[in-house]
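Here is a friendly walk through a protein model, written for someone who likes to check geometry by eye. Keep a viewer open as you read.

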Amino acid sequence: PAPTTRFQNALGIEDSPEAFIADIQKKAAGGAHPGITATAARAIGPALEWLTDRHRLEWVVLDDFRYPGHSAHRMHAVPEKTGAALIGRLNTAAETAGLDIVTGAHVTALLTEGDAVRGVRTTRPDGKTETIRACAIILACNGYGGNPDLVARHIPEIATAPYFGHAGNTGNAVLWGQGLGAETRDLTAYQGHGSVAHPHGILITWALMMEGGIQVNAAGQRFSNEHEGYSEQSVKVLAQPGGVAWNVYDARLHEMGMGFPDYVEAVGAGAVMSGTVEEIADRIGCPSANLTDTLAEAHGYASGATDPFGRDFTGKPALEPPYFAIKVTGALFHTQGGLVVDEQARVIRSDGTPIPGLFAGGGAACGVSGSRVEGYLSGNGLLTAVALGYVAGASAARD
């Protein structure tokens, strides 16, 4: 998510860093770190344009639907609209720039000289250790979602959920920083997702919900306002019988979903079912009358009736047969708390002074989601990864 980019301007989209900051704080109930929020919101637009001008990354603005909590169309993606494609393009840019990427060296410790960080110690697969000296170190190793002990300690509500992140995200940045006296904040914050195909483990775009789809439980009944956000929906889905729910939508939304590679993968894996109300209910295992009543109620909400969960169904077409459905569960994607950084992305101590030579971005740094899962605004993870990475790189070069 980025405000006031030339890619938005080309589509006539009006936005500003101030509007973005307001959206972030509204979702986080005012609990997002104000300095980090302002830094990220103001740096992300220039970062995306720099990636284009300097490293030839292409961006498209997703303007066919608006993500939960955003007051403007500000989601940017590479044309393929996948994380793998983004990583691939960044990898190509790094190689073209002549940067060495060493994936077979596991960093096990930070090296210090006095109070400054001046390198890392690494271990190779054969057990050989190495010392790499540097004037500055940027911690970009995400949060602690891959560390079951830390997850159970800080966010027990999601501890038994599937983890949808990299196993290497074990919280080293947080632990190293704490060992150096760094300030941490919002370690209870995380991004969840309430729409991961089960048991296939494929992310299903939340656009299906934003454009008119609903979620029902094993009884064929809705249980929440699906528009509050896909992050907090993870907990709501996990609270349903069996820890699962079903996304129910129609052919219009199925066609829209086919524009997302993950959804296409889910179709190929057999995760998507279609048919009449009775056939969908049979697959769910609920009385057809329950699902019929639920769909009829949703139809009424689209015509202006009041949804008891508070969702506004108006402005989107009512669901029509044939219907489609996917069995989903909730999952932990990544943690949002971490090391507190200043406006230069320098890691700071509890007394507010920076630790010389140490910078952090992305999930290694404190995010902008406040302290709870409800505070996650769509895109907050990539926001701090790209924006704080951009700021940290520039700052480290001057260090």
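## A predicted model

The structure shown here is a predicted model.

## Helix α2 against α3

Two packed helices are described by the angle between their axes and the distance between the axes. Helix α2 covers residues 17-27 and helix α3 covers residues 34-55; their axes come within 9 Å and cross at roughly 135 degrees. The crossing of α2 past α3 is right-handed.

Which residues make this contact? On the α2 side they are Pro 17, Glu 18, Phe 20, Ile 21, Ile 24 and Gln 25, and on the α3 side Pro 34, Thr 37, Ala 38, Ala 41, Arg 42 and Ile 44. Sorted by class, the contact of α2 with α3 holds 8 nonpolar, 2 polar and 2 charged residues.

## What covers α2

The buried residues of α2 are Pro 17, Phe 20, Ile 21, Asp 23, Ile 24, Gln 25 and Lys 27. After α2 comes Ala 29, with a positive phi near 55 degrees.

## Helix α3 against α13

Helix α3 also meets α13: the axes of the two come within 7 Å and cross at roughly 80 degrees. The pair is therefore roughly perpendicular, as angles from 65 to 115 degrees fall in that class.

From α3, the residues in this contact are Ile 36, Thr 39, Ala 40, Ala 43, Ile 44, Pro 46, Ala 47, Leu 48, Trp 50 and Leu 51. Their partners in α13 are Leu 383, Val 386, Ala 387, Leu 388, Tyr 390 and Val 391. By class, the contact of α3 with α13 has 15 nonpolar residues, 1 polar and no charged.

## His 193 in strand β8

Strand β8 runs over residues 190-197 and contains His 193. Is His 193 buried or exposed? With a relative accessible area of 5%, His 193 is buried, because the limit for buried is under 20%. Its side chain reaches the backbone nitrogen of Ser 195 at 3.1 Å.

Beyond four places in sequence, His 193 is in contact with Leu 203, Ile 204, Trp 206, Tyr 230, Ser 231, Ser 234, Thr 329, Gly 330, Ala 331 and Phe 333.

## Glu 226 and its partner

Glu 226 sits in the loop between β10 (214-216) and α8 (230-238). Its relative accessibility is 0%, so Glu 226 counts as buried. Which side chain does Glu 226 join in a polar contact of 2.9 Å? The partner is the side chain of Arg 311.

Setting aside neighbours within four places in sequence, Glu 226 is in contact with Trp 206, Met 209, Ile 214, Gln 215, Gln 233 and Arg 311.

## His 299 in helix α12

Helix α12 (residues 288-302) holds His 299, which counts as partly exposed at 35% relative accessibility. Outside the four places on either side in sequence, His 299 is in contact with Ala 318, Leu 319 and Glu 320. Thr 314 lies 15 residues from His 299 along the chain, with 9.7 Å between their C-alpha atoms.

## Backbone details worth a look

One joins His 198 and Pro 199, with omega about 10 degrees, and Pro 199 is in the loop between β8 and β9 (202-203). Another runs from Pro 321 to Pro 322, with omega near 0 degrees; Pro 322 belongs to the loop between α12 and β13 (323-335).

Positive phi values come next. Lys 81 is not a glycine, yet its phi is positive at about 65 degrees. Lys 81 lies in the loop between β2 (76-77) and α4 (83-96) and is partly exposed at 33% relative accessibility. Ala 345, not a glycine either, has a positive phi of about 65 degrees. This alanine is found in the loop between β14 (338-339) and β15 (346-348), and Ala 345 is buried at a relative accessible area of 0%.

Note on methods:
Residues are numbered from 1 along each chain as its sequence is written. This is a predicted model: local features need pLDDT of at least 70, side-chain atom pairs count only at pLDDT 80 or more; totals for chains, interfaces and linings use all residues. Side-chain values use heavy atoms; hydrogens and water are left out. Helices (H or I, at least four residues) and strands (E, at least two) are DSSP runs, numbered from the N terminus. Buried means under 20% relative accessible area, exposed over 50%, partly exposed in between (1.4 Å probe, protein chains only). A polar contact is a pair of N or O atoms within 3.5 Å; within protein, one must be able to donate a hydrogen and the other to accept it, and residues adjacent in sequence count only if both atoms are side-chain atoms. Contact means heavy atoms within 4.5 Å. Axes are lines fitted to C-alpha atoms, for helices over the stretch in contact, and angles run from 0 to 180 degrees between N-to-C directions. A crossing is left-handed if the near helix is turned anticlockwise from the far one by less than a right angle, and right-handed if clockwise. Ala, Val, Leu, Ile, Met, Phe, Trp, Tyr, Cys and Pro count as nonpolar, Asp, Glu, Lys and Arg as charged, and the others, Gly among them, as polar. Angles under 35 degrees count as roughly parallel, over 145 as roughly antiparallel, 65 to 115 as roughly perpendicular and the rest as oblique.
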